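The sequence and the structure are shown first.

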Amino acid sequence: MAPDTLIPHQGYMLLVDDLIDLDRGKKKGRVSSVLTSGKPYWNESERFRYHWLLEIMAQAAATVCGALRGGDHDASTPGFLLSIREWVLLQRPALAPGDAVLAEVTIETEVEAISQASITLEYRGETVARSLMSFYQETRSSMS
């Protein structure tokens, strides 16, 4: 499923590419991100700026949350990051345009439009970062 149907990011700021799988029972999903040229996470020398992994992880969490809520929206629903309760960068691989990272997201808690997710980010089968984030993402009922 294309994340742009689940989150409001478009064009330059859409940093995730595909919802690979979803386990509704476990409230888990995996989202891929291909690091393409022309995105904001590169500096002038095409070197990766690692703080952008946080935005990739946040967009992955919003994508999984949106899919778990039904994913049948006519349009994506607005949302924003509330807090980063944990952020660990385990390694700094030499990322280059064309590389792919995989985010595994587990929704830990949900209260109406507020969710908390644990996210791990993998590159070539190795975990490179993990985070625990809370975010607000409107639901159809909270928009009414």
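Rings of Phe, Tyr and Trp (the six-membered ring for Trp) count as a pair if their centres lie within 6.5 Å. By this criterion, ring pairs link Y41, W42, F48 and Y50 into a cluster. The model is a predicted one.

**Aromatic pairs**

In the whole structure, a search finds five aromatic pairs. One of them is formed by W42 and F48, which stand edge-to-face with 5.5 Å from centre to centre and 80° between the planes. W42 is buried at a relative accessible area of 7%, and F48 is buried as well, at 8%. F48 also pairs with Y50: the ring centres are 5.2 Å apart and the planes stand at 70°, so this pair too is edge-to-face. The angle decides the label because planes over 60 degrees apart count as edge-to-face. Like F48, Y50 is buried.

**Sheet and helix**

The model has an open sheet of six strands, arranged in the order β1-β2-β4-β5-β6-β3 with antiparallel pairing. At the edges are β1 (18-23) and β3 (79-89), each of which pairs on one side only. On average, neighbouring strands of the sheet are turned by 20° against each other, direction ignored.

Helix α1, residues 52-68, packs on this sheet. The helix touches β1, β2 and β3, and also β4 (100-111), β5 (114-123) and β6 (126-137). The direction of α1 makes about 60° with that of β6.

**Salt bridges**

How many salt bridges does the structure hold? The number is six.

| Pair | Distance (N to O) |
|---|---|
| D21 and R30 | 2.7 Å |
| E110 and R69 | 3.3 Å |
| R130 and E86 | 3.7 Å |

The salt bridge of E110 and R69 starts from strand β4, where E110 lies, and reaches R69 in the loop between α1 and β3, so the pair ties together parts that are 41 residues apart in sequence. E110 is partly exposed, with a relative accessible area of 31%. R69 counts as partly exposed at 23% relative accessibility. Its class follows from the cut-off, because buried means under 20% relative accessible area.

In the bridge of R130 and E86, the partners belong to distant parts of the chain: R130 is in strand β6 and E86 in strand β3, 44 residues apart. R130 is partly exposed, with 35% relative accessible area, and E86 counts as partly exposed at 34%. Some salt bridges share partners, and in this way K27, R69 and E110 are joined into one network.

How values were computed. Residues numbered from 1 in each chain as written. Predicted model: local features only at pLDDT ≥ 70, side-chain atom pairs only at ≥ 80, totals over all residues. Heavy atoms only, no water. Pairing = 2+ DSSP bridges. Helix = DSSP H or I, 4+ residues; strand = E, 2+ residues; numbered from the N terminus. Axes fitted to C-alpha atoms, helices over the stretch in contact; angles between N-to-C directions. Contact = heavy atoms within 4.5 Å. Salt bridge = Lys/Arg side-chain N within 4 Å of Asp/Glu carboxyl O. Buried < 20%, exposed > 50% of the residue type's maximum accessible area, 1.4 Å probe, protein only. Phe/Tyr/Trp six-rings, centres within 6.5 Å; stacked < 30°, edge-to-face > 60°.
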